[in-house]
Amino acid sequence: MSELTVAPATNGLGGRILVPGDKSVSHRVLLLAALAAGTSTLRGLSTGLDVHHTARAIAAFGADVSSSDGGRSAVIRGGPDRLHEPQDVVDVGNSGTGIRLLAGWAAARPGLTVLKGDASVACRPMGRVTQPLREMGAHVDGRHDGAYPPLVVRGGGLVGIDHEPAVASAQVKAAVLLAGLAAEGDTAVREPVPTRRHTEELLERFGADVEYGSGWAVVRRSELQPADVAVPADPSHAAFWAVAASVVAGSDIALERVYLGPGRTGFVDVLRRMGADITVEDPDPAERTATLRVRWAALHGTDVEGAEVPDVIDEIPVLAVAAAFAEGRTTFGDAGELRVKESDRIATTVAALRALGATAEERPDGLVVDGAGGGRAGEGRAGEGRAGGRLPGGRVDAAGDHRIAMAAAVAGLACAGGATITGWEAVATSYPGFEEDLQRCRS
Ligand code: S3P
């Protein structure tokens with residue numbers, strides 16, 4: 001297991017950061033490019049292991065994947081004539097998105113696919129995808145009657161369904177719509193709360209017969225056309241630096257080319273509500289991207305709940321860090337989904353905050369954080385905790401969860417004694433260059 005020690009930032013953070021390509025978009029463009037007959041060119045892909053596994057998966061199905069620039073760029077030659085049954089079990093690594101999207105994608109194909117992941121993926125609920133895919137006519141099985149991986153999918157011969165998922169999940173929506181690309185008739189998804197719209201936007205980009213609006217989408221059987229896609233920077237990664245700049249006094253950071261489309265900007269709204277100083281510069285409406293400029297500001301508590309939660313579900317660990325340095329109480333509710341992410345993120349976020357000296361408590365569907373107030377790194381003494389308006393810092397176990405590791409590193413920048421994160425290797429899942437970006441913005 002590797003460790004990272006983050007010393008407190010005494011001078012404020014600065015500079016421009018281009019975080020890695022969006023993970024949600026990267027998985028989807030790879031899967032769609034594999035279906036499109038012809039050559040697609042993808043740039044700005046996520047360099048994390050999750051997306052690397054999806055690239056390997058489409059290659060196992062017969063797509064020709066030629067990667068360059070450390071995995072950031074790929075030329076994909078795909079199409080129905082190239083694709084075949086994979087010869088072996090397809091391993092998604094740590095990626096819940098990978099396994100759920102691939103389940104729907106494989107259901108659209110004749111033949112047998114076996115999907116497995118690591119120990120964390122083995123505990124992720126799959127009934128939410130196996131149930132609608134079975135309704136569409138796919139033969140899908142897994143442990144506990146299809147509730148957990150590994151999954152076995154025998155696809156083909158599908159009919160469209162009108163699906164109203166019980167949970168607001170962009171992954172479920174994607175799995176059903178990807179299966180719908182090969183189904184007879186309309187395949188519709190109606191969401192209880194609107195989620196990120198990448199699947200719909202990218203289906204359109206690859207020429208699928210798709211219609212969509214806020215909280216609904218309908219797809220019909222389609223042959224996809226290749227596309228050239230520049231993947232935007234991942235807002236969930238940008239959120240780490242937005243919080244870092246907000247809690248380290250004297251900071252001024254610019255985050256370049258961040259995707260700001262539907263379902264992904266919730267962390268900006270929450271941070272602004274807490275008093276953060278975030279401005280949007282150089283917007284590119286066609287790409288739905290902009291630069292986020294974040295300057296240090298004193299934060300105060302807020303409540304995050306209801307329809308806002310799917311928009312911030314991945315950002316809650318780092319928003320909880322912002323809450324730990326804010327004045328007053330912050331609550332996160334209606335977020336029971338956090339318990340079935342890469343770790344039980346209600347438990348692991350609370351454990352991380354407490355390990356750093358913060359006051360945080362679990363709720364069945366969320367957490368409550370009593371903030372220590374802001375302050376300038378280097379002021380106060382280690383061990384002062386709340387009384388000093390700052391947190392002492394300490395050792396945090398990443399619990400195998402990339403977002404817990406990065407949230408704790410951000411917190412360490414503003415703790416009197418910094419932070420040491422054990423199990424730092426988890427970060428490779430999504431953001432292998434995090435440590436370099438950390439050094440860059442403090443120099
Ligand atoms: C994702 C959707 C979200 C998110 C995950 C990526 C996606 O999960 O937490 O990191 O790419 O569709 P759910 O759809 O399960 O909420």
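Contact here means heavy atoms within 4.5 Å. The model on screen is predicted.

**Stop one: Thr289.** Select Thr289. You are in strand E17, residues 289-295. Thr289 has 7% relative accessibility, and buried means under 20%, so Thr289 counts as buried. Now show its contacts, skipping residues up to four places away in sequence.

**Stop two: the cores.** Select Trp241, Leu255, Leu271 and Phe434. These residues touch the most other members of the largest nonpolar core, which has 79 residues. Next, colour helix H13, residues 402-414. H13 supplies the largest share of this core, 10 residues.

Zoom in on Leu271. Leave aside its neighbours within four places in sequence. Leu271 is then in contact with Ala242 and Val243, with Ala276 and Ile278, and with Leu319 and Ala322.

Move on to a second, separate core of 62 residues. Leu30, Leu177, Val210 and Ala227 are among its members.

**Stop three: an open sheet.** Show four strands in the order E10-E11-E13-E12. The sheet is open and its pairing is mixed. Strand E10 (162-163) and strand E12 (209-213) are the edges, each pairing on one side only.

Focus on E12 and strand E13, residues 216-220. They run antiparallel, joined by five bridges. Pick Asp209: its bridge partner in E13 is Arg220.

Methods. Residues are numbered from 1 along each chain as its sequence is written. This is a predicted model: local features need pLDDT of at least 70, side-chain atom pairs count only at pLDDT 80 or more; totals for chains, interfaces and linings use all residues. Side-chain values use heavy atoms; hydrogens and water are left out. Helices (H or I, at least four residues) and strands (E, at least two) are DSSP runs, numbered from the N terminus. Buried means under 20% relative accessible area, exposed over 50%, partly exposed in between (1.4 Å probe, protein chains only). A nonpolar core is a set of buried Ala, Val, Leu, Ile, Met, Phe, Trp, Tyr and Cys residues joined through side-chain atoms within 4.5 Å. Two strands pair if DSSP finds at least two bridges between them.
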